Amino acid sequence: GPAYEFLFSDLVERIMSLADTPDRCVAYIAGELRSLVGVRSVFVYECPGLTGEGEHRLVSFLPERRRALGEDPRLKELAELTHGAEDAFFVGPGEDDRSARILRDLGIGKSLVLPLRYASRRVGVVFLLDLAEEGNIGTILDTLGRLSSIFALILRNAWLYENLEAAVTVRTAELEAKRTELAASLAEKEVMLKEIHHRVKNNLQIVNSLLYLRMSAISDPETKRLFAESQSRVFAMALVHEELYGSRDLTRVNMADYIARLAGRLMEMAPPGVKARIAAEPLGLGIDAAIPCGLILNELLLNAFKHAFTGRTTGSLAIGLRRDGEDLVLEVEDDGPGMDSGAGEPGAGSLGLTIIRSLTDQLHGRFEVLPGPGARLRLTFRSPTP
């Protein structure tokens, strides 16, 4: 008695040390029970109440060569017959009931059956088959009964662990398939968006070509100038779509590249001796901000060409774009005669300034004419999130 109590107490300690790996723990329990009790074979089954399957499922067995016995329908029938048992019990093949007849048919001798219950729920059963000795049967059954709930918990945790791994594997595969599907959908949308930007750019270029054809038939210099200004406005919009079409980010325009290309095109309208300096930070703007910002820059440069360099063959022009806290600041300066500070106020004259005021409102920004020398024009508007 005391010897078995000590051995089984030691077994419990070793089992608990393996609790973090319940699948290993079940196999370990089977091996230890076989050795301590002294039986030829050990079979551990999960009950349908745990697995949700239609029959008992073999989860551990010793020795390895007796697997076929564990899968024998008669041994699973024995598991069914003992399903209602509350405590560990002894089965002798000499008795006259179905359980004893199954043992005789299988060539199995005296055996022990240990039902495994967790929280009053049957989760499994352990068969200890072909008992070597019958001594201390009472002590062994009593001790097994007291350890039943611990074994049941280990078996339940092993089943949960196994099914959790399977569920994680299935879920991972589902997420990977979804990721692949989303990646394909995103790639398709990117292609479509690129195509949209490409077509809009082409359509605007067609408009520009029509304006050019019409302008070539006009002899009046002032009318030609108006057509050229209209062309530059169309180009400013088309360039936004061209930048987006050629960018990896189809939602944001690199304003440093955009400003350099727009200014380069517009400088063709300036006197040949006029030089431009550009200091633009590589800030990204969405299309809703990039187009009005580009059109405002277009008007500021056209204004400089018209007023700062008339009658001059040389001059300088400075274009800057920078971040100032939460704002973006666009500035254009020239070395011309300057302009009145009130020229940028509502009600002041030209079409260009009217366009600038309207687009500034669209950006919820502020437009200022700063003190000279020369003309200093500044647009300040709230920066999108970086």
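**Entry 1**

I looked up Y212 and found it in helix 7, residues 137-216. Helices here are DSSP runs of H or I with at least four residues, strands are runs of E with at least two, and both are numbered from the N terminus. The model is a predicted one, where local features need pLDDT of at least 70 and side-chain atom pairs count only at pLDDT 80 or more, while totals for chains, interfaces and linings use all residues. Residues are numbered from 1 along each chain as its sequence is written, and side-chain values use heavy atoms, with hydrogens and water left out.

I noted a relative accessible area of 49% for Y212, so Y212 is partly exposed. The classes are buried at under 20% relative accessible area, exposed at over 50%, and partly exposed in between, with a 1.4 Å probe and protein chains only. Accessible areas come from the Shrake-Rupley method with a 1.4 Å probe, and for residues only the protein chains shown count as cover.

Which residues make a nonpolar surface patch with Y212? I wrote down I206, L210 and L213, and the patch is about 440 Å². Patches take residues with over 30% relative accessible area and no salt bridge; like charges are joined within 9 Å, and nonpolar side chains (Val, Leu, Ile, Met, Phe, Trp, Tyr) within 5 Å.

**Entry 2: salt bridges**

How many salt bridges does the structure hold? I recorded 22. A salt bridge is a side-chain nitrogen of Lys or Arg within 4 Å of a carboxyl oxygen of Asp or Glu.

I then went through some of the pairs.

D130 and R40 meet through their side chains, N to O at 3.8 Å. D130 lies in strand 5 (residues 121-131) and R40 in strand 1 (residues 39-46), so this pair links distant parts of the chain, 90 residues apart. D130 is buried at 15% relative accessible area, whereas R40 is partly exposed at 40%.

For E242 and R261 I noted 2.6 Å between the closest N and O atoms. The two are 19 residues apart, E242 in helix 8 (residues 221-245) and R261 in helix 9 (residues 255-266). Both E242, at 23%, and R261, at 38%, are partly exposed.

E331 forms a salt bridge with R378, with 2.5 Å between the closest N and O atoms. Strand 10 (residues 327-334) holds E331 and strand 12 (residues 376-382) holds R378, 47 residues apart. Is E331 buried or exposed? I have it as buried, with a relative accessible area of 14%.

Last, I found a network of salt bridges that links E222, R225, E229, R233 and E299.
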